[in-house]
Amino acid sequence: MKRRKTPEVLIGSVKIGNENPVAIQSMTNTLTADIDATVKQILELNFAGSEIVRLTVNDAGAAQAIPHIVEKVRKLSPVPIVGDFHFNGNVLLRKYPECAQSLDKYRINPGNADDKNFREMVEMAIKNKKPVRIGVNAGSVDAKVLQHLMDDLKGFPSDEILEKAVVQSALQSAKLAEDLGLGRDKIVLSAKMSDVNSVIHVYRELAKHSPYALHLGLTEAGSGAQGIVKTSIALGILLQEGIGDTIRVSLTPSIKSPRTHEVKVCQEILQALNLRQFSPRIISCPGCGRTSNETFLPLVDKLNTKIVQLQGKYPILSSLKIAIMGCIVNGPGESLHADIGISLPGKCEKPMAQIYLKGVHFKDIKGDDMDEQFAVVLEDFLKQASK
Ligand code: SF4
């Protein structure tokens, strides 16, 4: 798919925009002033695949902690660290210059920054040669812009007015930043909303009416399957249209799920669209009345575990397509189209599984240890492919 043309923006060690890979972002939820906890979470997110990590800089304690956090993270990772500023950003950036210098990007929410605050933050970004994300959010859209549109568009549905306000606030703020001297290669825009249709609409508008690199996200997506599905639909449609240079999945974390879960979802979205590949593509059928579940289900489980173990040893594994299929109906076909595939015997079939390598029938296996036999074939294949 053709990506939208934008200026390239350098955020610390990561270049985004234009033809650069769509980058994955995440945000910490630790108290920023708690240096050790924040460093630990930044590294967890980064090692899970987050290529840019944002953290809130909301008070003096957070601003004072930033240089120490950056210093500690840099010993282990070059991941860009972004400061999220709102009501008092100008004061914090001015009062704590080491914070302003050590961050790789500032995120400014124009709805939560009055004119003076916004201007001063942009001026600090120019002085420190930092890029800025102008991040509008429907939950905190600029009240003046919204009121103006409500007066002008009496009778229009409120969601349409909100969409227009979000787009207008983002575009006006970007123009003001440019007028103040911030280059286009230092500006990223985002306009997050919690409704799927609205978010698609506003990003299409931003893409149509502005040249800037765009950070995509559905805000307040919720948690669990609902949050993942809503975000995947919104981001998937936009990315498929070539819109979006970085993404974040803003899931409300459940007590049981790690913060890194949102990073994994970002990877799956990009991988599903063939934009990037992080792990092997597993083609496995859901099973049905034909499936020998007592063979199929344990084998899928064991192979998934085996694949995770082998991934560190054989990096090539991440680029492969592996089919694990339940019966003769679609098994041989999917296996033939994969790099390596196994078609298991369904009920009423001969108790024999067929293994395919690169579109060629390789061998048949049978017995109670088909998972282990297939794992041996897989590892041999990986050894050969890694040479
Ligand atoms: S491949 Fe076979 S076992 Fe799997 S879902 Fe299709 S028919 Fe059922």
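Strands here are DSSP runs of E with at least two residues, and helices are runs of H or I with at least four, all numbered from the N terminus. Keep in mind that this is a predicted model, in which local features need pLDDT of at least 70, side-chain atom pairs count only at pLDDT 80 or more, and totals for chains, interfaces and linings use all residues. Residues are numbered from 1 along each chain as its sequence is written.

Strand 7 (residues 132-137) runs parallel to strand 8, and six bridges join them; two strands pair if DSSP finds at least two bridges between them. Strand 8 also pairs in the parallel sense with strand 9 (residues 213-218), over two bridges, and here Val188 stands opposite Ala213. Between strand 8 and strand 9 the chain passes through helix 8 (residues 196-209), making a right-handed β-α-β crossover (with the strands pointing away from the viewer, the path from the first strand over the helix to the second runs clockwise).

How many residues of strand 8 (residues 187-192) are buried? Six of its six are, where buried takes 20 or more other C-beta atoms within 10 Å of a residue's own, with C-beta atoms placed from the backbone. One side holds Ile187, Leu189 and Ala191, the other Val188, Ser190 and Lys192.

Five strands form an open sheet of mixed pairing, in the order 11-12-13-14-15. Strand 11 (281-284) and strand 15 (360-365) each have a single partner strand, so one side of each lacks a neighbour in the sheet. Strand 11 pairs with strand 12 (residues 321-325) in the parallel sense over four bridges.

Terms used:
Buried ≥ 20, exposed ≤ 12 C-beta atoms within 10 Å, placed from the backbone.
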